[in-house]
Amino acid sequence: MDADAFAAEIETHRGYLMRVATLQLRDRAAAEDAVQDTLVAALAGRAGFTGRSSVKTWLTGILKHKIVDAIRRRQREPVPEASLGDETDLDDFEPLFDETGHWEAMPAHWSDPEAALSRRQFFDVLEFCLDKLPANTGRVFMMREVMELESDEICKELRITSNNLWVILYRARMALRLCLDKHWFGAPEARPVAP
Amino acid sequence: MNPISRYLAERLACRDVTRLISQLQERPPTLSERLKLHFHLAACEACAGFDRQVAFVREAMRRYRT
């Protein structure tokens, strides 16, 4: 691939990178900077692309470093305890269980989830659901599942305990599960447990 | 169900099982956790469904980023 074709190929991923960076940083200007830096670094480091992974995966890897840099710069203004406080609370999901900790509303059956993964629209719904997560919950979930940072790296970067992290990720998974249920798998409400 | 399986199945409430399932996406289980989870999921269709949904969300995120 010549330099122009490579630049054009990279450019096609700008939208995806921008969505990931925005979900992660929750700040449009910071996201634009991170994506711009990523594309510049990708062009400069074209030789580093071996073709062993897809261009998208390679770019996501570069973006990950730019986002970690942005988070580090932001560390001088740490995550306000108050905003994180709400998101390390499990109360929202307590209604799913009765007082003895058993299911009140059983998880709905998802038919043919494999098929969803081959539909483009599914990923639009997934993005919609990611975007609806509370800000810090979304950031932490993206760090774990898109940036693929290890748990202890995330705790260190955000200065949270591993217990906080588990709670936040649990909240994210619960919320995503319910959102996908509602907006994709089509169950309007979780079904009641059969007696 | 034999008494040992029942004991293991009933040791954890579903709410705690869902928290454990999520945590185990981040770290390996201890032997005791693995056993309790195994017996609980064998006996509890709701938690088994939750377990499949969590695995699906992880797979969906893997596809999303690649």
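Chain A is divided by the domain assignment into domain 1 (1–77) and domain 2 (80–195), the bounds being taken from an automatic or database domain assignment. The structure is a predicted model, in which local features need pLDDT of at least 70 and side-chain atom pairs count only at pLDDT 80 or more, while totals for chains, interfaces and linings use all residues. Residues are numbered from 1 along each chain as its sequence is written, and chains are lettered from A and ligands numbered from 1 in the order in which they are written.

Ten helices and two strands are found in chain A. Helices (H or I, at least four residues) and strands (E, at least two) are DSSP runs numbered from the N terminus. Read from the N terminus on, the order of elements in chain A is α-α-α-α-α-β-α-α-α-α-α-β. Of the 195 residues in chain A, 32% are buried; a residue is termed buried if 20 or more other C-beta atoms lie within 10 Å of its own, exposed if 12 or fewer, and partly exposed in between, with C-beta atoms placed from the backbone. Two residues are in contact if their C-beta atoms, placed from the backbone, lie within 7 Å. Among contacts in chain A between residues at least 6 apart in sequence, 72% join residues at least 24 apart.

Between the domains of chain A, nine residues of domain 1 are in contact with eleven residues of domain 2. On the domain 1 side of this contact, α2 (14–25) and α4 of chain A each supply at least two residues. This side consists of five nonpolar, one polar and three charged residues. Here Ala, Val, Leu, Ile, Met, Phe, Trp, Tyr, Cys and Pro count as nonpolar, Asp, Glu, Lys and Arg as charged, and the others, Gly among them, as polar.

The contact between the chains takes 27 residues from chain A and 22 residues from chain B. At least two residues of the chain A side come from each of α4 (55–74), α7 (120–132) and α10 (162–183) of chain A. The largest share of that side, six residues, is supplied by α10(A). By class, the chain A side has 15 nonpolar, eight polar and four charged residues.

Two loop residues of chain A were also examined. A:Glu148, in the loop between α8 (135–145) and α9 (151–158) of chain A, has a phi near 55°, a positive value in a residue other than glycine. A:Glu148 counts as partly exposed because it has 14 C-beta neighbours inside 10 Å. In the loop between α9 and α10 of chain A lies A:Arg159, whose phi is likewise positive, near 55°. A:Arg159 counts as exposed because it has 12 C-beta neighbours inside 10 Å.
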